[in-house]
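I opened the model and kept notes as I went. The entries follow.

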Amino acid sequence: MTNPILLQTFKQIYPSVFEAKVIVDPVTRVSKGFGFIKFESKEESEKALQEMNGRPICGRPVKMNYASQRVRTNN
């Protein structure tokens with residue numbers, strides 16, 4: 001999976017998509033199996049959550065959820 005493929009896959013269904021990023025391992029450059037999609041429209045993002053959850057992209061089912069910030073602690 002690449003950023004352009006992910007972007008095009010979502011943008012053809014949801015025109016308000018303006019960015020897609022596949023997260024890759026910084027050393028191997030291999031996808032970690034997840035990514036992020038940015039929408040201009042809250043309504044379209046909610047629709048995508050409903051419609052795309054479980055749908056295959058490049059042979060793998062998509063798991064959709066809103067992104068959340070991780071809480072980092074200093075240990």
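**Entry 1: ground rules.** I take helices (H or I, at least four residues) and strands (E, at least two) as DSSP runs, numbered from the N terminus. I am reading a predicted model, in which local features need pLDDT of at least 70, side-chain atom pairs count only at pLDDT 80 or more, and totals for chains, interfaces and linings use all residues. Residues are numbered from 1 along each chain as its sequence is written, and side-chain values use heavy atoms, with hydrogens and water left out.

**Entry 2: overall layout.** I looked up the secondary structure and found two helices and four strands. From the N terminus, I read the order of elements as α-β-β-α-β-β. The C-alpha trace spans about 40 × 25 × 20 Å along its principal axes.

I then checked burial. Buried means under 20% relative accessible area, exposed means over 50%, and partly exposed is in between (1.4 Å probe, protein chains only). Of the 75 residues in the protein, 24% are buried. For surface I used the Shrake-Rupley method with a 1.4 Å probe; for residues, only the protein chains shown count as cover. The accessible surface comes to about 6200 Å², and 50% of that belongs to carbon and sulfur atoms.

Contacts came next. Contact means heavy atoms within 4.5 Å. Among contacts in the protein with a separation of 6 or more, 31% join residues 24 or more positions apart.

**Entry 3: helix α2.** Which residues of α2 are buried? In this helix, residues 42–52, I found E44, S45, A48 and M52 buried. Down the axis of α2, the buried residues fall within an arc of 100°, so they line one face of the helix. An α-helix has 3.6 residues a turn, so residues three or four places apart point the same way.

On the other side of α2, I noted K42, E43 and Q50 as exposed. What covers the buried residues of α2? The cover includes α1 (3–11), β1 (17–24), β2 (31–39) and β3 (56–57).

I stopped at E46, which also sits in helix α2. E46 has 38% relative accessibility, so I log it as partly exposed. Its C-alpha atom is 9.1 Å from that of Y66, a residue 20 places away along the chain. Just after α2, G54 takes a positive phi of about 90°.

**Entry 4: helix α1.** I listed the buried residues of α1 as L6, T9 and F10. They cover an arc of only 90° around the axis, which puts them on the same side of α1. These buried residues pack against β1, β2, α2 and β3.

**Entry 5: S31.** I placed S31 in strand β2. At 33% relative accessibility, S31 counts as partly exposed. Not counting residues up to four places away in sequence, S31 touches V22, I23 and V24. I also checked T2, 29 residues from S31 along the chain: the two C-alpha atoms are separated by 8.4 Å.

**Entry 6: positive phi outside glycine.** I found R29 in the loop between β1 and β2. R29 is not a glycine, yet its phi is positive, near 65°. At 59% relative accessibility, R29 counts as exposed.

C58 lies in the loop between β3 and β4. C58 has a positive phi of about 55°, although it is not a glycine. At 57% relative accessibility, C58 counts as exposed.

**Entry 7: the largest pocket.** On a 1 Å grid over the protein atoms alone, a pocket is an open set of points where a 1.4 Å probe fits, with protein on both sides within 12 Å along at least five of seven lines; lining residues have an atom within 4 Å of a point. Grid points are joined across faces, edges and corners, and a volume is the space filled by probe spheres set on the points.

I read about 890 Å³ for the largest pocket. How many residues line the largest pocket? The lining has 26 residues, and G35, F36, V62, K63 and M64 lie nearest the centre. α1, β2, α2 and β4 (60–61) each supply at least two lining residues. β2 gives the most, with seven.

Note on methods:
The arc is that of the directions from the helix axis to the C-beta atoms.
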